[in-house]
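Dear colleague,

I am passing on the structure below, followed by my notes on what was found in it. Please read them with the coordinates open beside you.

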Amino acid sequence: MTYALELERVSVEFPDGDGVVKALDDVSMTIDRGAFVAVTGPSGSGKSTLLAVAGLLLRPTSGRVMLAGQDVTGSSRSRSTDLRRERIGFVFQQPHLIGSLTAMEQLEMVARLSGDLSAQMRERAMHLLESVGLEAVANRRPAAMSGGQRQRAGIARALMNDPQLLLVDEPTSALDHERGVEVIDLLRGITKDQGTGTIVVTHDLATLGEQDEVVRLADGRMQEPVFA
Ligand code: ADP
Ligand code: MG
């Protein structure tokens, strides 16, 4: 069986004055399909860089990136864009919803952008909204939704392309503890039901469960994996 994602000895360097800063330093990790992995660490430790590499937004300075067993390290920009559209879902700290669109339309937009707004995709959108508990607000615009609802709409939208890899950056930082726990529970459930490999960057260890695998980064280096 292949992993959803493998990072092999990945380093990322950025120029910094006369020298370089190592945003990631020799990081190796594997994410199984259906595995939920939390990544934590202080500000500047490389968490967002890790997601950018995993999401093919940033090429590593060295090391290899494998998606579903395929080496995608050297992919061109347009190939990376295709791979992202076909296989990867992103959830950001702020869901970046479009103010003029209803929850349902936010999801339909994904299908429209990939040229496939079929009845089947509309059904998929409705089903996903149901699965994140938003069926009652499917016709509301973001301004009429709570923060937690907006974040869940962002999660549903990230699932429209049936991703193999789900990358989530600090999804709970704008939510209170209880809403945060709900969002993490939802992501864990999605991971199991849809079989995504899921990486969730979070500062908020209190929203995690005892069973969750936690990877700690410090100065771009991975610390030994432990449990929350
Ligand atoms: P985190 O998400 O854990 O706060 P980042 O991955 O954003 O950390 O950043 C890791 C390190 O890399 C930091 O020292 C940051 O300043 C540096 N860095 C990140 N992105 C860039 C960039 N585009 N150019 C220069 N330095 C960067
Ligand atoms: Mg960050």
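In this predicted model, an oxygen atom of ligand 1 is 2.5 Å from an N or O atom in the side chain of threonine 49, which is a polar contact in the sense used here (a pair of N or O atoms within 3.5 Å; within protein, one must be able to donate a hydrogen and the other to accept it, and residues adjacent in sequence count only if both atoms are side-chain atoms). The backbone also takes part: an N or O atom of the serine 48 backbone lies 2.9 Å from an oxygen atom of ligand 1, and a backbone N or O atom of serine 45 lies 3.2 Å from an oxygen atom of the ligand. Of the 560 Å² of accessible area that ligand 1 has on its own, the protein covers 59% (Shrake-Rupley method, 1.4 Å probe; for residues, only the protein chains shown count as cover).

The shell around ligand 1 consists of Phe14, Val21, Ala23, Pro42, Ser43, Gly44, Ser45, Gly46, Lys47, Ser48 and Thr49, where a residue is near if one of its heavy atoms lies within 4 Å. These residues divide into 4 nonpolar, 6 polar and 1 charged (Ala, Val, Leu, Ile, Met, Phe, Trp, Tyr, Cys and Pro are nonpolar, Asp, Glu, Lys and Arg charged, and the others, Gly among them, polar). Both β2 (19–31) and α1 (47–54) supply at least two residues of the shell, and the largest share, 3 residues, comes from α1 (helices are DSSP runs of H or I with at least four residues, strands runs of E with at least two, numbered from the N terminus).

Turning to helix packing, the axes of α3 (residues 103–113) and α4 (residues 119–131) come within 9 Å and cross at roughly 135° (axes are lines fitted to C-alpha atoms, for helices over the stretch in contact, and angles run from 0 to 180 degrees between N-to-C directions). The two helices are therefore oblique to each other (under 35 degrees is roughly parallel, over 145 roughly antiparallel, 65 to 115 roughly perpendicular and the rest oblique). The axes of α3 and α5 come within 9 Å and cross at roughly 25°, which makes α3 roughly parallel to α5.

Residues are numbered from 1 along each chain as its sequence is written, while chains are lettered from A and ligands numbered from 1 in the order in which they are written. Local features need pLDDT of at least 70 and side-chain atom pairs count only at pLDDT 80 or more, whereas totals for chains, interfaces and linings use all residues, and side-chain values use heavy atoms, with hydrogens and water left out.

With best regards
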